[in-house]
Amino acid sequence: MSETPMTLPRLGDSAPDFEADSTHGRLALKDFRGSWLVLFSHPADFTPVCTTEFIALAHAADRLGALNCQLLGLSIDSVYSHIAWLRTIEAQFGTAIPFPVLADHDRAVALRYGMLMPGESSTEASRCLFVIDPDGIVRAMIYYPMIVGRNIEEVVRLVTALTTTAAAKASAPANWQPGEALLEPAPRTVEGAAARNAGADWFLQYRNAD
Ligand code: BEZ
């Protein structure tokens, strides 16, 4: 059987389907319908940067859960390797990993999500992270090299910004933090621009947080 060709998801597209074994049993993309999903790859089990990311993600899991957002890890390892590594993390560092980790030893999911960067490795996934909305649409992507751990506070901020802007139909400015003002959508007609309050630039207007 020929191998799945490598594809790169795009923002606004349906997330590629998958079904694979995980540390929580067989899981498919459709199992996450109705909640936000952070699907992320890490290069390998039993590696130092990945271990620090897993501990930080475990500590963020409740805050993400409060946003109706689930976590799902992935690496090109077996489910037995995942189980052994998660048990080691809990035993050595006192952190239980509450989220499932996909076993992608045939690289099927990694190839569908463009998680393999041949310039880095074709056997280990780079640090790719996809935020998928409750309807299965890719809303954000973060790609990091193997050598640098991701900022998990930024992942929480990103999911908070996505859920907040979706509910408010507004956008989030640079360095936005939860509770801060959002931005009104820019007017798209001369009438809309003229209707904007004097004193504010027609194209940039903040909406105070509730
Ligand atoms: C790490 O997690 O420490 C790591 C994994 C693969 C390449 C480089 C670093």
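Reader: Which residues in α1 meet which residues in α4?

Author: Please bear in mind that this is a predicted model. On the α1 side, the residues are E53, A56, L57, A60, R63 and L64. They meet I152, E153, V156 and V159 in α4. By class, the residues of this contact comprise seven nonpolar, no polar and three charged.

Reader: How is the geometry of such a pair described?

Author: Two packed helices are described by the angle between their axes and the distance between the axes. Here, the axes of helix α1 (residues 48-66) and helix α4 (residues 152-168) cross at roughly 25 degrees and come within 9 Å. Because angles under 35 degrees count as roughly parallel, α1 is roughly parallel to α4. The crossing of α1 and α4 is right-handed.

Reader: At what angle do α1 and α2 pack, and how far apart are their axes?

Author: The angle between α1 and α2 is about 75 degrees, and their axes are 11 Å apart. Since 65 to 115 degrees counts as roughly perpendicular, α1 is roughly perpendicular to α2. From α1, the contact draws on C50, T51, F54 and I55, and from α2 on W85, L86, I89 and F93. The contact of α1 with α2 has seven nonpolar residues, one polar and no charged.

Reader: Turning to pockets, how much space lies in the largest pocket, and which residues lie nearest its centre?

Author: The space in the largest pocket is about 190 Å³. Its lining has 15 residues, and A20, D21, A103, H105 and D106 are the ones nearest the centre.

Reader: Which elements give two or more residues to that lining, and which gives the most?

Author: Those giving two or more residues are β1 (19-20), α2 (79-93) and α3 (108-112). The most comes from α3, with three residues.

Reader: How do the lining residues divide by class?

Author: The lining of the largest pocket has seven nonpolar, two polar and six charged residues.

Reader: Finally, how many helices and strands are there in the chain, and in what order do the elements run?

Author: The chain has five helices and nine strands. Read from the N terminus, the order is β-β-β-α-β-α-β-α-β-β-α-β-α-β. Taken along the principal axes, the C-alpha atoms of the chain fill a box of roughly 65 × 40 × 30 Å.

Technical notes
Residues are numbered from 1 along each chain as its sequence is written. This is a predicted model: local features need pLDDT of at least 70, side-chain atom pairs count only at pLDDT 80 or more; totals for chains, interfaces and linings use all residues. Side-chain values use heavy atoms; hydrogens and water are left out. Axes are lines fitted to C-alpha atoms, for helices over the stretch in contact, and angles run from 0 to 180 degrees between N-to-C directions. Helices (H or I, at least four residues) and strands (E, at least two) are DSSP runs, numbered from the N terminus. Angles under 35 degrees count as roughly parallel, over 145 as roughly antiparallel, 65 to 115 as roughly perpendicular and the rest as oblique. A crossing is left-handed if the near helix is turned anticlockwise from the far one by less than a right angle, and right-handed if clockwise. Contact means heavy atoms within 4.5 Å. Ala, Val, Leu, Ile, Met, Phe, Trp, Tyr, Cys and Pro count as nonpolar, Asp, Glu, Lys and Arg as charged, and the others, Gly among them, as polar. On a 1 Å grid over the protein atoms alone, a cavity is a set of points where a 1.4 Å probe fits but cannot get out, and a pocket is an open set with protein on both sides within 12 Å along at least five of seven lines; lining residues have an atom within 4 Å of a point. Grid points are joined across faces, edges and corners, and a volume is the space filled by probe spheres set on the points.
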